Every structure is written in C-alpha cells, then in structure tokens.
Amino acid sequence: MEYQFREIEKKWQNRWKENGAYQVSHVSSSPKFYVLDMFPYPSGAGLHVGHPLGYIASDIFSRYKRLKGFNVLHPMGYDSFGLPAEQYAIEHGIHPAISTDQNIANFRGQLDKIGFCFDWSREVRTSDAGYYKWTQWIFLQLFDSWFNRHERKAEPITKLAAAFAATGNAHHECPGDRSIIFSASEWHEMSHERQQGILMEYRLAYCGHGEVNWCEALGTVLANDEVVNGVSERGGHPVVRKKLRQWYLRITEYADRLLEGLNTVDFSDSMKEMQSNWIGKSFGAEIDFDLENQDGLPLSLKVYTTRPDTLFGVDFMVIAPEHELVGRLTSDGQKKDVEEYLHYVNSRSERERMAEKKITGVFSGSYCIHPFTGGRIPIWLSEYVLAGYGTGAIMAVPCGDERDFKFARHFNIPITNIIGEQYDGEEANPTKDAILSNSGFLNGMVMRDAIGLVIDTLEGKGIGKRRVNYKMRDAAFSRQRYWGEPFPIVWKNGVAVPLPLDELPVTLPEMSELKPGPEGEGPLGNLQDWKQHGGGTREVNTMPGYAGSSWYFLRYMDPDNGKTFCDRSASDYWGQVDLYIGGTEHAVGHLLYSRMWTKALYDLGHIGFDEPYRRLVNQGKIGGDSRLVYRIRGTNTFVSAGLKDQYETDELHVDVGLVNGFELDTKAFAKWKPDFANAEFVLEKEKYICGGRLEKMSKRYFNVVNPDDIVERYGADTFRMYEMFLGPVEQDKPWDTKGIEGVHRFLRKLWRLFEHEEKGWILKKDDPTDAEWKVLYRGLRKAEEDTERFSFNTAVSSFMITVNELSDLGCHKQRILEKLLIALTPFAPHICEELWHKMGNPGSILNAVFPTIETRYLVESSKAYPVAINGKTRTEINISLDADQKQVEAIVLEDEVVKKWLEGKTVKKVIYVRNKMINLVV
RNA sequence: GCCCGGAUGGCGGAAUUGGUAGACGCGCCAGACUCAAAAUCUGGUUUUCGCAAGGAAGUGCAGGUUCGAUUCCUGUUCCGGGCACCA
C-alpha cells in the first residue's frame, strides 16, 4: 500500500476529536506551557495559504512541548467585532452577527483540515455576550481606577476621592489638566457634577474630546485607511477633522512601566525598539515666552523642547494650526492668510501632514520676546507641529534642526548660528557636542553640558520647567460604530454613571439598518427607546477592536466562567503566555494595549503577573506570485510574454489556478470569464507564457492560493511541512505551489522505510548499527535544536537528510524508525500516528516521549580540515581532533597540494582553529 | 517624513559565536526502469576560462577592520512593513 494521506488524515482527525486529544486542564502536576496565536479576525475572504503560517509554527511548537512533558495550553478563538462586518452589513443588508457566524464556520472548516491541536473547548468570540460582559467589566475596572504616581500603580478611584476630601489634590497632580488645583475645603464646596468632572480627569478610562476624520456626506467618522487623499474611500466625499466627545484609556500613565517591562520580556530588539519609539520618552524643558503684545493680559507661549541648550539659536516659533492661541495671536493683517491656511490644514489627515515633504506655513503676525536677549521672535503656524505632542508649540532653531532649517530657508527667515564652524550654512547640524557661541551666558560651553544650566536658570526665573514628555498619547477608546461592545455607562446630568455588575452584559441591541446616528453618534444613537435607561441616557458609542483582544489570553484559561472573567486558580496556573506568535503589524497597537490592561488588572489584584507575553515571535507574510497576460490594445488577442514587446499591450492579472508554472491553460482561460470566450492567442513555441510578479496575496490579483486545495491534493502533513520549509517563520516569502512536491516526496519516502510497494511491510526488529544510530541522532539533535530556536525550515531539511541517509543505508529497523516518528510528530502528526499504530504501538504518539539523544554515537575523532593559503581554501586534510598546533603544522606542511602552493614562498604563520579550519599566511 | 525590517545560484532558502558560501528542496539537464507515460531511482547543475587537470570571480553597491567577512564597522541604493478609527 502506498501512503494514503486522505484516509489517514481524516481517520486521525476524527479519532483525536472523539478522544478529546487536545483538551487540557489547569489541574495538572505537569509544568505548564502556554502557546498563543494572535487573535484572528474572521474575514469573509477566508484563509489563504499565508494565514496559517504562524498557526502551523505554534502548533508544531505546542506538540513538541507536549512530547517534552509539558501541559500545553493552545487555544484559538475569534476577534469577531470589527469594521468590515459592519461595512458588509451596510452594503449587503446582512446583519454582522450573521455574516460573522458564517465567516467563523468557514474559517473553522479551513483550520480543521490542517490538523491543528487547538483545544476548541476553550474557543472564545469577542462578540459573544458571555465574553464581552467581561470586556465591559474590565472597562469599568479601568473607569473606577486612577494611576497613583507615587505608588506607580492603579488604585480604586474611591481612594483618590478620599485623598481629595482630606488634602485636596496637592499631592496628586491632575494628569488630564495640570491647571486643576484645589484644596480639601474647595473640594467639599464643589457640586457633585464638578467633583465627578474632576475625577474624570484622573480615571484610567475617561471621557474627553478628540479629533476624528469626519465625513459630513456619510455622516460618520472614518478610519485613517478609509480616507484617501483627503476624501472618503467610499464615495469620494470630503473629510475634515472634527472634535467629538470620545472615551480614552489613560495609557500615558503607564508609559514608564510599559518601557521598563520591555526588559523583562523576550521580544525581538526591533519590536522593543518600535514600542519604545512609540512611547517616545524624551527629556527636556517647557519654556514660557512672553508675548510682545500683551493686550493688558499677561500671556505667554509655552513651548516644549528637548534642546534648551539651543535657546539662543531661536529664530522663530511654530505653533500647531490647532493651537488654542491661534485666534489670539493672529494679527488683523494676517487674518486672511491664516484662515486660508487653517482651511487647507483641516482637509488633511494627520498622516498626510507628517509624511509631507512640502513646506507649508503662515505667519501669525505676532511676536514673542526672548527671555534673555529681549529680541522679537516671530510666531508662525505650520502643520509640521502637531497639537497633540508636547505643548503644540516649538521654538525653532534652524542651525540645529533639519525641519526648522528647511522652514527658515523656505520663508527666508534669517538664521542665527550658535555653533560656530559646526554649522556650514548648507544644512542643520543636530550635534550636542559643539561649543556654543552667540549664546549669552552659555558662550564657550559644550551644548550637552549647557542643557542642565539653562533649565536651572529658567526654573530660577520661573519661566521654565524640567519636563519629561511622551510621544504616546492616550488611546482613543470609543468608536461611532455599531459592531462593537456597548459601554456599560449611563449619562445623568453630564455625569457618566457606571452600570452595576448585575446589569452586565449590556447587550448590543438588534438593529436592522446601521445608518449613523445624529450629531456624529454611531448607529445606536438612533435607538431612542434603548437610549433611555435608568433615569439617564446610555452611552451610544461602542468600544474599539482592541478592547476584546486586550485580554482574550486570560479568558482562554477559564472560558466558561460566568462568575468572573478568569478564576484566579486558572490564571495562577497558566500564567503568562510563554510563546506568542503573530505579525509585526501589531507591534505597537495591540501589544501595548494588552500590556497596559494586564498591568492594570495586576495592580488591582485580579491576576498575579503584569506582563502578558513572555516571548513574542513575529511571523512573516507569504506573498502571492501573480500571473499576467498581455492583451493587444483594442483587441481580444493575447500575446505570450516573450513577444509582448512587439505590440502595444495592456497587462491583466490572470487566476494562478489557470496557469501551470508560467504556461497558461488557454482553454481554461477562455472559460474563465465571458469576455475571454473568444480570446485569441499569439503563442511562442506552441505555448502561451505568462508574466510573473510577486505581490500581496489578494483576491484582486487572482493570486490567492487556498489551503483547502493544497490539503486536498497533498494532505495536511505535506502542507504543514511545506509552509515551514519555505523559509524562516519570521521572514516574508513568496508562495510557490510547485515546490511542495519535494516535501510530499519526503513523506512518501518516509513511508517506504516501513512499507515496500511489492514486499509490503518491511519493518525489522534487528539491532541497529552504530552508523544507523549516528544518522538518527545527528538528525534528531539538529531537528531538536532547530525547533527550540524556531528554525523550522532547517528542522524539516534535517528530517529530509535523515530519511535520505536511512534509505541509503537500507535501514528499516523499528528501534530507529519509532524514534524518528516521535520527533517528526509535531510536524506531520497524521502520518506519524498512522505508522505508530501500524507498528503495533498502543496509545497515541501524541503522548509519546521525545527521544533522548545518545551523544556517544555522535563523537568524532577526526575532522577533514579545510586548508587555506592566504585565506583561499586549497585542499582538505583529515587530522585527528586531538592534534596540537605543532602536529598540525607538521602534517600540513608535508601535504603535496600544500607544498605545490608554497613553492618559492615562506610560511609566516599557521593559523589553526580546532575543529574549524587551518590557514597558512605566506 | 519618521520608525522597523530585508537584499546570497534560474527559484525558496542554508551557513547557530568571524572560519570550507550555496545544506535541503524546487526547476532544469542526462541516464535507468517502461510499449509509452506517470511514479520511482542514479548522476549533474553559482558564473566564467579550460578537452581535462586546474584556475579566476562571486553573498544589492562603494569602502574599511581582520590571517580570514554573507557575518563586524562606515556610507549608499533598492524593496517590504508600521505610523494611533482595518484588524
């Protein structure tokens, strides 16, 4: 019998399901290991071969750890709230709940065919009320908390209110608004509403106002990627920035802990760097510049700078177009220009503003006064200064800052040089090591050393302050959408009142039509009856996609618990995720949010660890290999790729399923679309050859390869191994269906070690030879090392080498092959289980023990050393590993080939690195 | 624009700590088996010069460090990802 993968895989998938082979419990005496894949969004497009890449890697690792004796938690579920389902509902009139269920069923069917070891009894869906009840509950935990900066942790808000009643807020600077300062007696005199307003400025989940992409024509808020070139992607309507009431998470309070936590986790350096850049901690100063024209009121412009040492190089100020003083600073003469500029800026997204190379700006007409020189400094507006960062105003030092320099050049603003020869007048020099000149009391100092002195001096004069700043902003936590978690909040007299636990979950009400609500509200705003609740008005925004995904790793530990989000005994046992696999696209957003939620839950005593993911591995993407055909313009004639330059052609994507390698199946092509039914072809060598291009795997390029088809043709084991064999998990790589044959041949070759086509079952009980043991253990050692370091592609190749060598040796011995099978199980579980049983083993190979490598078979006594002369390898000499420098020199210099190369030259030095190489320097 | 990656044969990739560049697989070429095909097996396959033996060049590009660099350093080009309401 040949290798019948279809029957084998079906049989074992059913058997494993019946036996609950993948169900685990936290009541166990084995050490735990938690392997998690990033929460998938069940998209309607279904899986293509790129999606399971990370799942296969994590599946292999889970199975491997199980063979190593660990109790492995490996769950899967769905991040099933999200914009696409809502969009689909709007366009097709199908309720998101229905399309989501369909998508999930689809998704699950595709996953099942690949033979994953997920414990499906733990499946969670963020859109299930049983799940989002606890998302809402955690939100209320955050709402009911504030961040105590002295303790550096979250605490119940009641503790803060008690502190206010006792001592006012003198010890607890208001993070939302630093200008809020009050005493205990003032606190007592405040109205309830005012008190709640102040507490809101402290809460970890709070309500404030923020700018969104507003599309008047659609009556809705748009995501950045729904905005293209300043207009909506749907319909091309104008989009402007608009301020709306929004919920936020005060993640900025956790900035330092998020930064420090990076030292305790095993993420790639680039990942850590991306996160710390996002947090963007910087040290500098806030400086107040008096305005020239005070208009009777003392008024100053507050700027933030990381380079106070350059204070004497300030040639102008730049404020963000949204800065609160814009109106006040605009002179009558400049009014028209400023208004025009604001209109222009308002039409641009933040991303466009940051990416813009073009220099834009406008003079406000006002000046401020340099605190030391008394000079007049013009105040400009420009979009390169963002309102959300620092104070929304900068002091521009063109000789030291590239953007300031370009701005000054563009608007002909004279540049002051404070760094002497270090500034060449051609470009800015951001050095900190220059000696200052033209800098008053700083003259002669090295810039680096002047920073502290400037700040001290400014603080002494009361016009500046040392300030740590973060680029990270508080995370917007509300969406004007339907398909998300409703907030468990009711508004009464402008005060947000949390609903009690027994009213959770606040279920998402049924709606037949998802059109935007009034005044920028989401669809829920249309439900007048639902809105009225408990003597107030419900919050009608919903939570964003990352709400449910910020804590799902906890719910997997205890998915059915109706009393709490996750029982402490479960979270204490499973603890941190030991291995988290997902794409780099989540580098900042999702990972920072879930890290913050974990820290807050830890602070409040709900879990026992404050970092969710111990180790993170980023999988790469699999690209599509598109096929192109060339239609002669204005005709229905297609010309083969090699001849296309002889014609004027248009390039069209053709479905990769209609192409074998590069050769088009012209008959299938004619049937593909009605337009092509009468297509004619200009062939080369009797064939139509397509063009090729590597690009994203996407329906629109017709280059999507469905894993179902591959599994049907080659089996899940082949598919799994091939995905790994393609290259390093972390790397992006193109898909090439042709290459899969090699892996499939490998599995057939493995099968033939057990069963001969004609002779039948040929397994022998004989004792293996040393050579056979050596082949086995060398292969297993490599496979084990490679698996440990996530190098699955080389692990697969080491299995190939092992099977090739065992075949060459004619080894059909049970004692060798059963060890090989166990080690291969994580990669190809079905075939291994089948052969394991055919060998007569009781029980499942899933529960076998990973073989111990017997190193005594691997000891080498000599090595074929490469011998190089001046770094160029000339020959190879077999020398004992015990040889010392002298012996090696003697052997090498006697060698015929070496002698030939040394003719007429003297050997200066012999470099001998044991077990590596020998190099003669002549 | 800012941040993070990447670049090695015809193709995917290997080389784990600075030590034989191209493992393994695809593709291609030749051969065996076969009426034939498929499957399978055997050999070859970086480029270039050479009948061969053998030589030269070679890891995006330009330099540097070193006995020795795909690996470390400096500069540079191109490609991919992220940039806060896609998830």
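This is a predicted model: local features need pLDDT of at least 70, side-chain atom pairs count only at pLDDT 80 or more; totals for chains, interfaces and linings use all residues.
View 1. The contact (heavy atoms within 4.5 Å) takes 40 residues from domain 1 and 37 residues from domain 2.

Residues are numbered from 1 along each chain as its sequence is written, chains are lettered from A and ligands numbered from 1 in the order in which they are written. Local features need pLDDT of at least 70, side-chain atom pairs count only at pLDDT 80 or more, totals for chains, interfaces and linings use all residues, and side-chain values use heavy atoms, with hydrogens and water left out.

View 2. Three salt bridges are counted between the two domains; the term stands for a side-chain nitrogen of Lys or Arg within 4 Å of a carboxyl oxygen of Asp or Glu. One salt bridge is formed by Asp603 and Arg257, whose closest N and O atoms are 2.9 Å apart. Among the elements that give two or more residues to the side of domain 1 that touches domain 2 are helix H5 (129-143) and helix H20 (589-603). H20 gives the most, with 10 residues. Helices (H or I, at least four residues) and strands (E, at least two) are DSSP runs, numbered from the N terminus.

**View 3. The aromatic pair Phe33 and Phe70.** The ring centres of Phe33 and Phe70 are 5.8 Å apart and the planes are at 70 degrees, so the pair is edge-to-face. Rings of Phe, Tyr and Trp (its six-membered ring) pair if their centres lie within 6.5 Å; planes under 30 degrees apart count as stacked, over 60 as edge-to-face and the rest as tilted. Phe33 is in strand S1 (residues 32-37), and Phe70 is in the loop between helix H2 (52-67) and strand S2 (71-73).

**View 4. The cis peptide bond between Leu504 and Pro505.** Omega of this bond is about -5 degrees. Pro505 is in the loop between strand S19 (495-498) and helix H16 (528-531). Most peptide bonds are trans.
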